[in-house]
Amino acid sequence: MANVTVIGAQWGDEGKGKIVDWLSERADVVARFQGGHNAGHTLVVGEKVYKLSLLPSGIVRGTLSVIGNGVVLDPWHFRDEVAKLKGQGVEITPDNLQIAETCPLILPFHRDLDGLREDASGAGKIGTTRRGIGPAYEDKVGRRAIRVCDLAHLDDLDLQIDRLTAHHDALRAGFNEKPIDRAALMADLTEVADFILPFVKPVWLTLNKAKAEGKRILFEGAQGTLLDIDHGTYPFVTSSNTVAGTAASGTGLGPNGAGFVLAIVKAYTTRVGSGPFPTELEDDVGQRLGERGHEFGTVTGRKRRCGWFDAVLVRQSVAVSGVTGIALTKLDVLDGFEELQICVGYKIGDQRFDYLPAHAQDQAKAEPIYETIGGWSETTAGARSWAELPAQAIKYIRRIEELIGCPVTLVSTSPERDDTILVRDPFAD
């Protein structure tokens, strides 16, 4: 049986939570491999709605869940999210949740710096969640991060805090902020350490043992490929690599463990925050998509920008992540449209492009080239087999497959986990 790696193929918010939840019931381990609590996943299980941002989606099902070393961890948010889920009846213990020893910590001054920079950027702001994700990753690569394993060795942190304060105090001074209060930082870390440490494990050993035993591992990505720090619409991206290859480096399992790469793709396109969006619709159609799709960010609550399906961008995501198959979500939002548009290329000046150029100014000038396809009047909501889909909806799906060069594996027709059409079993490959 194969492992499965789930990623988003657009700008996030593709409906990964439902698909991961649907798959996690058949997995033995679910592992988050990048990002932090800037990633929102909404799970609908019966009458209950769970909103996760840091914890792996498998935790709701009681599946062994792992937070890998590629994740940046806010220990106070972690504690709050655990408490919230326990309040909803979800059992969370060190027996079903593990945190990698080498996860960098998001600390209070990371959140401060995130907000200060964003406020000072004016029209050039990125649109971050202000949760300290970027500054924490910067400290990781700058080799000054405090990591989860350091919570067990607080008496040995002086030299690392020297490195942190030498960097951050200079930045804070530039914003007329006071230096980091070292005593307060140590008190905060001491206060939260006892809660975090029981969950801390060498998760690379856990995952390699699971692999050796033939267990099914489900790797859960956050955000989307178009927000990847290398492959996304830079600089309007997140601070980590969101592509499927990060499942290896972000967990310690190795590149041959990724298995079936399942990319989650919304049947139209949305984006939260700033940055280029060639197919954005700032008209009644865009408003209709947003209202029908309930397009508000799980973490930020911000209204999502909406537009037609962009086959060019999804084709790029399929290529850079080595996608095996896609899960097409929110097909039901398109019910009732007389015509649908699919972006099949771009025009920038007098040139046509079949990919999105790397430079931000070129991306901002890209005009979509559309192909028109007929819509359908029947409903797809709740469909659980091909036979229940309108013929024109199937035609739309098949055209998407042709344009992105990748087959559809699953089709989601509502937020309910069982309203899913299985075309190909990812775990069987």
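**A buried charge pair and its surroundings**

E295 is buried, with a relative accessibility of 1%; buried means under 20% relative accessible area, exposed over 50% and partly exposed in between, for a 1.4 Å probe and protein chains only. The model is predicted, so local features need pLDDT of at least 70 and side-chain atom pairs pLDDT 80 or more, while totals for chains, interfaces and linings use all residues. Residues are numbered from 1 along each chain as its sequence is written, and side-chain values use heavy atoms, with hydrogens and water left out.

What does the side chain of E295 meet in a salt bridge? The partner is K266, at 3.2 Å from N to O. E295 sits in the loop between α9 (284-292) and β11 (305-307), whereas K266 belongs to strand β9 (residues 260-266), so the pair links distant parts of the chain, 29 residues apart. Here helices (H or I, at least four residues) and strands (E, at least two) are DSSP runs numbered from the N terminus. A salt bridge requires a side-chain nitrogen of Lys or Arg within 4 Å of a carboxyl oxygen of Asp or Glu. K266 is buried too, its relative accessible area being 1%. Both residues belong to a network of salt bridges that also links D13, R304 and K330.

Over the whole structure, the search finds 21 salt bridges. One of them joins E213 to K215, where the closest N and O atoms are 3.3 Å apart. E213 is partly exposed, at 44% relative accessibility, and K215 is partly exposed at 37%. Another salt bridge forms between the side chains of R398 and E401, at 3.0 Å from N to O. These two residues are 3 apart in helix α12, so about one helical turn separates R398 from E401. R398 is partly exposed, with a relative accessible area of 37%, but E401 is buried, at 14%. Side chains of opposite charge can pair when their charged atoms come close.

The largest nonpolar core has 89 residues, and the members that touch the most others are F78, L189, L331 and Y396. Helix α12 (residues 391-404) gives the most to this core, contributing 6 residues. A second, separate core holds 15 residues, including V6, V30, I264 and L410. By nonpolar core is meant a set of buried Ala, Val, Leu, Ile, Met, Phe, Trp, Tyr and Cys residues joined through side-chain atoms within 4.5 Å. In soluble globular proteins, nonpolar side chains tend to be buried together.

Which residues is L189 in contact with, leaving aside its neighbours within four places in sequence? They are W76, L105, L107, I146, L151, L154 and L157, contact being heavy atoms within 4.5 Å.

Helix α3 (residues 108-120) can be followed in the same way. It has 13 residues and reaches 19 Å from its first C-alpha to its last. That span is close to the 18 Å expected at 1.5 Å a residue, the expected value being 1.5 Å times one less than the number of residues. Just after α3, G122 takes a positive phi of about 55°.
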